Amino acid sequence: MRECADIERRLSRYLDKEMNDADRAMVEAHLAGCPLCKKEMSELARLKGLVMETERKTLPRDYLVCRIRESIADERRAIGRLSLAGMGIFARRLIPVPVAVIIVSVVFMIFTSMQPVTKSSLEDYIFSGRAATTETALELILGSQN
Amino acid sequence: MNEDSLYIEEFLNGDEKGFEMLVRKYQDRILNIIYSLIGKDRESEDIAQEVFLKVYHGLRYFRRHSRFSTWLYRIVANTAYGFLRKRGNVVGDESALENSVTTRKDPRESLSMKEREAMLQKALARVPIKFKTAMVFKDIEGLSYIEISRILRCSIGTVESKIYRARQFLKDEMLELGGGSV
């Protein structure tokens, strides 16, 4: 009986032709003299046959390809929307900063280009030791109207 | 370089047709494996799609130490297992088969091919997936024990044991449903 239990466990492997010659010969020798194991073997073989012969399903050639293409396109659209939404948050927060910097710079450049060149610099004025009023300092920085 | 490697190269070089050729080549095999594992038509198609999407996104990370099919079958097994686990059912789903199977009252009554097929699907759905996967790879896909051991990342002895257990389960379920004979 113990031998039968051992053989029974090996029957699947025997059935699947996954045994070496020595083991196969041993199983075959046992089956030749054991009707119970032989019956078990034929039941397993019928069962394996049933599974192997199950009706196979087939899909139209491009059915899955089309579904996958759509799914990938959906994923890309979703990623795109996510990126735009993310950009929106940054845009709302950050875009006014460079815009303001550009406007201030342009105004400053226009304003300074309209001023005549000063005859003396702020440094000359400071080193001369004369007292400077705010008005004089601004005149020296931005350019004298005279 | 084999056919799969050529398709993979094409895809990695930016030609999506390479990927589509892989889908066309494997779609029916994958569908039949998944159907045998989970037993549902519509959901099998959805899972097959999910498998190929994983392939699409993961192909650039596929290290070619193993065959593409081994890697693909591993994704199939994991995705099907994940699907059943999400549903809290790692045995399988026989509810979809309830209406299609008529249990025989008289064991002497012979079964038509269609009835036998339906009964087999119902019995298969009752086999725990941890055993069934190896048997499906063997009997549906015709893979060798060594290939199955690579897919499931286990020893050949474990594959043998899983297939043996799956067939025992299946035989018992068939006997129960069929009222006496396999």
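Is Lys17(A) buried or exposed, and how many other C-beta atoms lie within 10 Å?

A: Lys17(A) is exposed, because 9 other C-beta atoms lie within 10 Å. Burial here is a count of other C-beta atoms, placed from the backbone, within 10 Å of a residue's own: 20 or more is buried, 12 or fewer is exposed, and anything in between is partly exposed. The model is predicted, so local features need pLDDT of at least 70 and side-chain atom pairs count only at pLDDT 80 or more, while totals for chains, interfaces and linings use all residues. Residues are numbered from 1 along each chain as its sequence is written, with chains lettered from A and ligands numbered from 1 in the order in which they are written.

The backbone at Lys17(A) has a positive phi of about 55°, although the residue is not a glycine. Most residues other than glycine have a negative phi. Lys17(A) sits in the loop of chain A that runs between helix H1 (2-15) and helix H2 (21-33). Helices are DSSP runs of H or I with at least four residues, strands are runs of E with at least two, and both are numbered from the N terminus.

The angle between H1(A) and H2(A) is about 125°, and their axes are 10 Å apart. That makes H1(A) oblique to H2(A). Axes are lines fitted to C-alpha atoms, for helices over the stretch in contact, and the angles run from 0 to 180 degrees between N-to-C directions. Under 35 degrees is roughly parallel, over 145 roughly antiparallel, 65 to 115 roughly perpendicular, and the rest oblique.

From H1(A), Glu3(A), Ile7(A), Arg10(A) and Tyr14(A) meet Asp23(A), Arg24(A), Val27(A) and His30(A) of H2(A). Contact means that the C-beta atoms of two residues, placed from the backbone, lie within 7 Å. By class, this helix pair brings together three nonpolar, one polar and four charged residues. Ala, Val, Leu, Ile, Met, Phe, Trp, Tyr, Cys and Pro count as nonpolar, Asp, Glu, Lys and Arg as charged, and the others, Gly among them, as polar.

As for the rest of chain A, its secondary structure comes to seven helices and zero strands. Of its 146 residues, 12% count as buried. Among the contacts in chain A with a separation of 6 or more, 53% are between residues 24 or more positions apart.

H1(A) also has a part in the contact with chain B. That contact takes 26 residues from chain A and 28 residues from chain B. On the chain A side, the elements that give two or more residues are H1, helix H3 (35-52) and helix H4 (63-94). H3(A) supplies the largest share, eight residues. The chain A side divides into 10 nonpolar, four polar and 12 charged residues.

Not counting residues up to four places away in sequence, Asp139(B) touches Lys48(A), Val51(A) and Met52(A). Asp139(B) is buried, because 23 other C-beta atoms lie within 10 Å.

Arg153(B) has a positive phi near 50° and is not a glycine. Arg153(B) lies in the loop between helix H7 (145-152) and helix H8 (156-178) of chain B. Arg153(B) counts as exposed because 9 C-beta neighbours lie inside 10 Å.

Chain B comes to eight helices and zero strands, and 38% of its 182 residues count as buried. Helix H2 (residues 16-38) and helix H3 (residues 41-58) of chain B pack at an angle of about 135°, with axes 9 Å apart. H2(B) is therefore oblique to H3(B), and their crossing is right-handed.

Key:
A crossing is left-handed if the near helix is turned anticlockwise from the far one by less than a right angle, and right-handed if clockwise.
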